[in-house]
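Dear colleague,

Please find below the sequence and the structure that I am handing over to you. My notes on the findings follow directly after them.

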Amino acid sequence: MSITHSIILIKQVHIPSTSISLSSSTTFPKAKQRRKLNFPAYCSLEPLSTTSPNSTASTAMATTSADDEIAYDYSPFLKIYKNGRIERLFGTDVVPPSLDPETGVECKDVVISSETGVSARLYLPRIPSGDRRRLPLVVYFHGGGFCVDTPFCAKYHHAVKTLVAESGVVAVSVHYRLAPENPIPIPYDDSWVAVEWVASHSDGTGPDEWLNTHADFRRVFFAGDSAGANIAHNVAVRAGVLGRPAGLNLAGIVLVHPYFWGSEPVGNEPKEPEKRTMAEGIWRFAYPTTPNGSDDPWMNPAKDPDVGKVAGKRVLVFVAEKDGLRERGWFYKEVLEGSGWGGTVEVVEAKEDDHVYHLSNPTCDNAVALVKKIASFVNQD
């Protein structure tokens with residue numbers, strides 16, 4: 001399960017004026033009373049209940065000591081305690097790096113910044129002895145509403161490993177810092193640091209020998225799902241605006257069920273204020289100081305004056321028929337094509353499936369087709 005399954009369901013967080021210090025340099029609001037929200041596993045547009053069948057037992061546990069008192073309860077995703085501690089309820093599992101005997105894909109973990117903790121999991125496909133061909137390079141940004149999951153948890157490890165095995169690419173799966181301890185724009189900045197680190201290998205003298213030896217820096221792709229797709233897009237815009245990093249040619253971007261939104265409905269999106277407020281909630285949770293809400297240029301590409309500067313000339317967007325973010329994926333195509341950008345955008349829609357189905361059901365027909373389509377896209381001449 002992923003918080004991105006319910007990305008359009010989380011209610012808008014009310015930010016009280018009183019704050020408490022976290023273990024990091026940021027602060028998070030202290031609640032006067034515990035709030036409990038229940039989330040179904042997949043996206044729908046039904047209003048949320050604010051009660052829980054386990055609320056009595058949970059409250060009793062929370063009052064055993066001051067350190068255990070809960071300020072916000074966003075089960076089954078995370079809990080925020082009044083002392084500032086963040087407890088993530090899933091996505092914290094770690095699959096050790098290894099050589100997969102079935103696919104021949106090997107992976108390892110690297111530290112990109114010891115100061116901030118930005119790191120990555122690198123993947124290398126099976127390469128015949130003596131084969132010195134350069135391979136396309138995919139820089140992947142995981143989803144999780146900017147708040148949960150890592151490249152090292154089982155579902156993302158499996159997803160990227162499967163992509164590498166199918167497409168024969170080198171992959172760098174980025175571990176950026178998570179909100180709410182590290183609010184927006186920190187995840188974007190961390191991701192940019194990772195991209196610059198990747199680019200430092202373009203002349204063959206970077207700190208990692210896999211990238212020095214095997215990556216083709218003329219064929220680099222940014223990819224991600226949900227919030228990670230949002231990051232992939234915004235990092236590509238930054239690359240286009242700044243005209244760097246040097247030595248890295250961004251050939252295209254792959255956005256799987258991208259988390260974009262806006263104050264005005266598009267297509268068949270719901271128009272009821274309560275439902276639209278729910279859709280904006282996770283963004284405000286990750287970016288509590290946002291001046292423009294869901295019309296922030298990071299969240300709504302139609303409001304970004306630099307959207308036409310996105311680096312790369314090929315974009316592949318995946319949407320799902322039952323996903324509440326479906327319309328935004330199609331609208332993104334319209335925005336890019338009307339921006340003067342000049343590249344090509346393809347949208348692929350999966351029928352009868354929901355948000356990030358490739359993570360929850362990686363062997364289903366739609367998930368298999370998704371991976372094959374990405375493999376074809378990144379290997380296109």
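**Aromatic pairs**

Across the whole structure, a search finds ten aromatic pairs; rings of Phe, Tyr and Trp (its six-membered ring) count as a pair if their centres lie within 6.5 Å, and planes under 30 degrees apart are called stacked, over 60 edge-to-face and the rest tilted. The model is a predicted one, in which local features need pLDDT of at least 70 and side-chain atom pairs count only at pLDDT 80 or more, while totals for chains, interfaces and linings use all residues. Residues are numbered from 1 along each chain as its sequence is written, and side-chain values use heavy atoms, with hydrogens and water left out.

One of the pairs joins F146 and Y259, whose ring centres are 6.5 Å apart and whose planes stand at 50 degrees, so this pair is tilted. F146 belongs to the loop between β9 (135–141) and α2 (154–167) and Y259 to the loop between β12 (250–256) and α6 (273–286), so the pair ties together parts 113 residues apart in sequence. Helices (H or I, at least four residues) and strands (E, at least two) are DSSP runs, numbered from the N terminus. F146 counts as buried at 0% relative accessibility, and Y259 is buried with a relative accessible area of 1%. Here buried means under 20% relative accessible area, exposed over 50%, and partly exposed in between (1.4 Å probe, protein chains only).

F146 also forms an aromatic pair with W283, which is edge-to-face, with 5.9 Å from centre to centre and 65 degrees between the planes. This second pair again links distant parts of the chain, since W283 is in helix α6 and the two residues are 137 residues apart. Both F146 and W283 are buried. One aromatic cluster is formed by F146, Y188, Y259, W283, Y287 and W298.

The charged end of K108 sits over the ring of W210, 4.3 Å from its centre, and that of R314 sits over the ring of F377, 4.5 Å from its centre. The criterion is that NZ of Lys or CZ of Arg is within 6 Å of the ring centre and within 35 degrees of the ring normal.

**Nonpolar cores**

The largest nonpolar core has 76 residues, and L137, F146, L211, F222 and I253 have the most contacts inside it. Such a core is a set of buried Ala, Val, Leu, Ile, Met, Phe, Trp, Tyr and Cys residues joined through side-chain atoms within 4.5 Å. Helix α5 (residues 227–242) supplies the largest share of this core, eight residues. Apart from it lies another core, of 32 residues, including C153, V160, L163 and I374.

With neighbours within four places in sequence set aside, L137 is in contact (heavy atoms within 4.5 Å) with residues including V170, V198, L211 and F221.

**The annotated site and the backbone**

Which residue does the UniProt annotation "active site" cover? In the unreviewed entry, that annotation covers S226; UniProt positions are given in the numbering used here, feature names are shortened, and annotations may be inferred rather than shown by experiment. S226 lies in the loop between β11 (215–225) and α5, and is buried with a relative accessible area of 0%. Although S226 is not a glycine, its phi is positive, at about 55 degrees.

E352 is another residue other than glycine with a positive phi, near 55 degrees. It lies in the loop between β14 (344–350) and α8 (357–360) and counts as exposed at 55% relative accessibility.

One joins A179 and P180, with omega about 5 degrees, and P180 lies in the loop between β10 (170–175) and α3 (186–199). The other runs from R244 to P245, with omega near 10 degrees, and P245 lies in the loop between α5 and β12.

**The chain as a whole**

The protein chain contains nine helices and 14 strands. Of its 381 residues, 57% count as buried. Among contacts with a separation of 6 or more, residues 24 or more positions apart account for 73%.
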